Amino acid sequence: MIDLPMDSSGVATLSDRWRSVTRHLLAGVGYDLGQIVFPYLEKYTDLERRKILETVSTYLDTGSLADSGRMLQVHRNTVLNRLNAFEKYTRLDVQRPYDAAAVIIALEWQGDGL
């Protein structure tokens with residue numbers, strides 16, 4: 001599989017690699033999911049953009065506002081505010097499964113955009 005990192009060993013399953021496999025398949029048809037996220041965040045400073053993307057990524061990993069807040073050492077309302085800012089400009093609500101899947105792949109495309 002061309003998708004596997006050079007330092008990988010052992011058996012890789014689709015559940016382990018679905019994001020990068022999907023990214024490669026979409027790239028094969030000329031579609032870049034990163035374009036649904038990153039151009040819309042240009043309004044923010046680099047620091048703000050990094051904080052929003054870090055929050056989105058953490059939320060997508062945990063699925064919880066409270067857990068994300070603990071991991072990022074911010075209040076859960078700060079997490080919610082950053083997710084709302086992300087949604088305002090990208091029109092993608094990471095609390096909806098379809099949007100979350102698209103954002104996960106977009107972040108994978110950009111190396112988590114961080």
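Me: Is Lys51 buried, exposed or partly exposed, and what is its relative accessible area?
Reply: This is a predicted model, and the value is computed from it. Residues under 20% count as buried and those over 50% as exposed, with partly exposed in between. Lys51 has a relative accessible area of 35%, so Lys51 is partly exposed.

Me: Which helix holds Lys51?
Reply: Lys51 sits in helix 2, which covers residues 46–62.

Me: How many residues separate Lys51 and Leu72 along the chain, and what is the distance between their C-alpha atoms?
Reply: Lys51 and Leu72 are 21 residues apart along the chain, and their C-alpha atoms are separated by 9.5 Å.

Me: How many helices and strands does the protein chain have?
Reply: There are five helices and zero strands. Read from the N terminus, the order of elements is α-α-α-α-α.

Me: What share of the residues in the protein chain is buried?
Reply: Of the 114 residues in the protein chain, 36% are buried. The accessible surface of the chain comes to about 7300 Å², and carbon and sulfur atoms account for 51% of that surface.

Me: Among contacts with a separation of 6 or more, what percentage joins residues 24 or more positions apart?
Reply: The figure is 58% for the protein chain. Leu53 belongs to helix 2. Its relative accessible area is 0%, so Leu53 is buried.

Me: How do I read the packing of two helices? At what angle do helix 3 and helix 4 pack, and how far apart are their axes?
Reply: Take the angle and the axis distance together. Helix 3 (residues 65–72) and helix 4 (residues 76–90) pack at about 105 degrees, and their axes are 8 Å apart. Angles of 65 to 115 degrees count as roughly perpendicular, which means that helix 3 is roughly perpendicular to helix 4.

Me: Which residues make the contact between helix 3 and helix 4?
Reply: Helix 3 contributes Leu65, Ala66, Ser68 and Gly69, while helix 4 contributes Arg76, Val79, Leu80 and Leu83. By type, the residues of this contact are five nonpolar, two polar and one charged.

Me: Thr58 is my next residue. Which residues does Thr58 touch, not counting those up to four places away in sequence?
Reply: Thr58 touches Ser68, Met71 and Leu72 on that count. Ser68 is also one of the residues of helix 3 in the contact with helix 4. Thr58 itself is part of helix 2. With 11% relative accessibility, Thr58 counts as buried.

Me: Where is Arg82, and is it buried or exposed?
Reply: Arg82 is in helix 4. Its relative accessible area is 16%, so Arg82 is buried.

Me: Which residues is Arg82 in contact with, leaving aside neighbours within four places in sequence?
Reply: The partners of Arg82 are Lys51, Ile52, Thr55 and Val74.

Me: How is a pair of aromatic rings described?
Reply: Two values are used, the distance of the centres and the angle of the planes. This structure holds one aromatic pair. The rings belong to Tyr44 and Tyr89; their centres are 5.4 Å apart and their planes stand at 85 degrees, so the pair is edge-to-face.

Me: Where do Tyr44 and Tyr89 lie?
Reply: Tyr44 is in the loop between helix 1 (14–28) and helix 2, whereas Tyr89 is in helix 4, so the pair ties together parts that are 45 residues apart in sequence. Tyr44 is buried at 11% relative accessible area, while Tyr89, at 25%, counts as partly exposed.

How values were computed. Residues numbered from 1 in each chain as written. Predicted model: local features only at pLDDT ≥ 70, side-chain atom pairs only at ≥ 80, totals over all residues. Heavy atoms only, no water. Axes fitted to C-alpha atoms, helices over the stretch in contact; angles between N-to-C directions. Helix = DSSP H or I, 4+ residues; strand = E, 2+ residues; numbered from the N terminus. Parallel < 35°, antiparallel > 145°, perpendicular 65-115°, else oblique. Contact = heavy atoms within 4.5 Å. Nonpolar A, V, L, I, M, F, W, Y, C, P; charged D, E, K, R; others polar. Buried < 20%, exposed > 50% of the residue type's maximum accessible area, 1.4 Å probe, protein only. Areas by Shrake-Rupley, 256 points an atom, 1.4 Å probe, with all protein chains shown as cover. Phe/Tyr/Trp six-rings, centres within 6.5 Å; stacked < 30°, edge-to-face > 60°.
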